[in-house]
Amino acid sequence: MNELLSLLTSPNTQWVLAGSSLLGFASGLIGSFVLLKKQSLIGDAMAHATLPGVCLAFLIFGVKSIPLFLIGAATTGLIATYCIQAIVKHSRIKTDASIGVVLSVFFGLGIMLLTYITKHAKGNQSGLEDFIFGQAAAMVKSDIQVIAVGSLLIIILSSLFFKEFKISIFDPNYARGIGLPVSVFNLVLMALVVGVVVVGIQMVGVVLIAALLITPPLAARYWTDQLGRMGVIAGIFGAISGVTGTLISTAGEGLPTGPLIVLCASLIFVLSLLFGASKGIIVKAVRQT
Amino acid sequence: MKAIEIQNLAVTYERQPVLENVNFTIPEGTLTGIIGPNGAGKSTLIKSILHLIPRLSGDVVVYGKPYKKQRNLIGYVPQRSEVDWDFPTNALDVVLMGRYGHIGWIRRPNKKEIQFAYECLEKVGMKEFANRQISQLSGGQQQRVFLARALAQDAQIYFMDEPFAGVDAATEKAIMKLLQEWREQGKTVLVVHHDLQTVKDYFDHCLLLNKTPVDYGPTESVFTLDNLERTYGGAISFLGNSPILTQGG
Amino acid sequence: MTYSLWIIITGVLVGVTCGMTGALLVLRKMSMLADAISHTVLLGIVGAFLVTHSLNGVPMLVGAATVGILTALMVQLLDSSGVQSDAAIGVVFTSLFALGVVLISFIGDSVHLDVEHALMGEIAFVPWDTWTWNGINLGPTAVWLLGFVFILNLTIILLFYKEFKISTFDPQLAISIGVPVVAIHYVLMSMVSFSTVASFDSVGAILVVAMLIVPGATSYLLTDSFGGMIALSALIGALSSLLGYTFALFVDVSISGAMATATGLLFTLAFFLSPKHGMLAKWYRRKQMQKQQLNA
């Protein structure tokens, strides 16, 4: 207990907790839009696709710099999204296979580059592996600042354009009809998803960060029928998962942070599935009797 | 006054031509039914006019100017099946979406807009359902919410895709009342419609379509047996001299 | 037998086994379910290890098949309770995979099973992990396991070829004439789990997805026949393995990563150059049509 207390009062931990709760909130909020757009798995593919970008950034510039990594990750993440859509548009391949192709090939490329770096590159390349599953314990204050600022930006942007996102997801044809540039908003949404992924990979890792986009919104859906509330509840669920997962990870030696955060989110999902006030299994059963 | 002119419109899907050689002009203040068999390209016609799907060729002129400059004059009521009715939102919110074009970016709807949305809901007899989650509305009620949204949009020209599909008699009546009101206000309405029985009662103009326009004009001169046979192929012949057709056809 | 020959045999077996199974997945629009299963199989492997304290073939196969089918069942359950299917897949696989990774971290370094291995596999170690029986060296265990799963999957596909075909093309009709569509679905899910486990050692749980989905998608762009697609997909899988291995040898990078990249390369080629469904062919036909339109 004392150990936990001293951990909680250490300034570094407080930074990490602030970062993880903001990241969790941002991903829950953005994830709500992504879920309703039925693109949850595209988020997953995009997350996997950031790995080659991070590696390329390191190969080109030869330094471990978070801003450069973010640029690299955002570039390949967006290219991957474009590829998924282009494959569906220009061939007979259906969406699911297109996502699978892009996800696995980009990730394979990322793994290849990662091994190339560990075997050939000079300089301090240690810690690149942490991008796969996330390692909150390995983060320093400046990393957290990137997460905090990035997450805040994402939260502000999605609240500003809340109305526009809502209509371009609910009824894209109608939105185009009234002159909204729906494809621009799609692109902005994708960019925000990439934003969550790239600021989050250090903490959660590329393999599992999609869960932060999928699970909290899905859980929130069991509590409300209003998009606005859904976004906020998903954000809170995300923040709780982020904080809890990070705490367990920093307390227990070497446990990867990402999987723990995801497990917390999964637990919240199961509880919501059962007890959710709007659509939970138990509420439904009670209503029927 | 010409409300809409369509010049040489063509659309293909994969290698199949879906629409070709589409040319017609719709006068202001008319109520036009777009009639044709399944697969004739009725929905595609509306969507290509509204630039929602790519065209192989063709120009759309609205009140003398290109469509892109006149977007705010146009209202669109999509097919009910095209949106996700499980979306977490309520009836009032959907109607408010009709105001988004007027509100502008980033700004939230204010009290006046919300009041207006309520009035639109009231006009279609849906005021008491304002806070109902949209998945809990019946088909007819959902269609009325769409109608209220179109009202809220306050456009000059309306395109409606199968508004009568799967709705109850009361809703059908409510839709017709609104359409006639619009026409009296000098608005122009185009409706994709598949029920031949009601064409003569509902529309003053008709566009018969089967991949290309067969005929366009006032219903009494266009909606003839001869024309319908050309539109539907032989399948229509059983109608014979039934009263739905204009006499002398 | 030489060292590299064993690696090549392993790679080709992975490509062929996953390729032919994957063709079915692509046609049935279940690529992402396969993606999910290939992740969650990790939990099955860890579970089998916790129970038996060894990494033997048979318990691993059983564990993997159990978790694979469990994954499919859970997705199905969420789906029917109103969760959209892509999100259902996302929730289930991330949860089970996260559990697997956390459990592996608990097991610690004592065994030949760690997170990195789970991700990338290590095909380079395959030839050393041999199966000895009565003092006779019978070759790498992975090859035996892969060979067994290959023959198993091939037999299932050949035996139920007709049933796979009809339940893929028209499930309604299949049900109406008494084909056990649901059973076939879970048989296929087991085949995916088996393929994943068998390939796990050499290419890792995540990169096996590339082998499952990409060759199938590539052959979908190249052929219009059901049987042809399965065969071609197997061929493309094998070819990707060879290409990837050769490349990895020259540049000294992860062999499994290179193999996944090779599948992507072949896919890209087919995407642009396929005579019937490729971009170039389509572009050319569109230009021709526009010309006709103008002349008309």
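A:R92 forms a salt bridge with C:D224, and their closest N and O atoms are 3.1 Å apart. A salt bridge here is a side-chain nitrogen of Lys or Arg within 4 Å of a carboxyl oxygen of Asp or Glu. Side chains of opposite charge can pair when their charged atoms come close.

Before I go on, a word on the source. This is a predicted model, where local features need pLDDT of at least 70 and side-chain atom pairs count only at pLDDT 80 or more, while totals for chains, interfaces and linings use all residues. Residues are numbered from 1 along each chain as its sequence is written, chains are lettered from A and ligands numbered from 1 in the order in which they are written, and side-chain values use heavy atoms, with hydrogens and water left out.

Back to chains C and A. Across their interface the rule finds two salt bridges. C:D252 and A:K119 also meet through their side chains in a salt bridge, at 3.5 Å from N to O. That pair crosses between chains: C:D252 is in the loop between α10 and α11 of chain C, and A:K119 is in helix α5 (residues 95-120) of chain A. Helices are DSSP runs of H or I with at least four residues, strands are runs of E with at least two, and both are numbered from the N terminus.

How many residues does the contact take from each chain? Chain C gives 56 and chain A gives 50, where contact means heavy atoms within 4.5 Å. The area buried between chain C and chain A is about 4400 Å², and carbon and sulfur atoms give 76% of it. Buried area is the accessible area (1.4 Å probe) that two parts lose on being put together, summed over both.

The same interface has 13 residue pairs in polar contact, both residues at pLDDT 80 or more. A polar contact is a pair of N or O atoms within 3.5 Å; within protein, one must be able to donate a hydrogen and the other to accept it, and residues adjacent in sequence count only if both atoms are side-chain atoms. On the side of chain C that touches chain A, the largest share, 15 residues, comes from α4(C). The residues of that side divide into 35 nonpolar, 15 polar and six charged. Ala, Val, Leu, Ile, Met, Phe, Trp, Tyr, Cys and Pro count as nonpolar, Asp, Glu, Lys and Arg as charged, and the others, Gly among them, as polar.

Now one helix pair. The axes of helix α3 (residues 40-61) of chain A and helix α4 (residues 85-107) of chain C come within 7 Å and cross at roughly 50°. That makes α3(A) oblique to α4(C). The contact is made by A:S40, A:L41 and A:D44 on one helix, and C:D86, C:A87, C:I89, C:G90 and C:F93 on the other. Axes are lines fitted to C-alpha atoms, for helices over the stretch in contact, with angles from 0 to 180 degrees between N-to-C directions. Under 35 degrees counts as roughly parallel, over 145 as roughly antiparallel, 65 to 115 as roughly perpendicular, and the rest as oblique.

Next, chains B and A. Their contact takes 34 residues from chain B and 27 residues from chain A. They bury about 2700 Å² between them, 61% of it on carbon and sulfur atoms. In chain B, the residues that lose the most area to chain A are B:F87, B:P88 and B:W105, together 25% of what that side buries. The count of salt bridges between these chains is three. A:D171 forms a salt bridge with B:R149, with the closest N and O atoms 2.7 Å apart.
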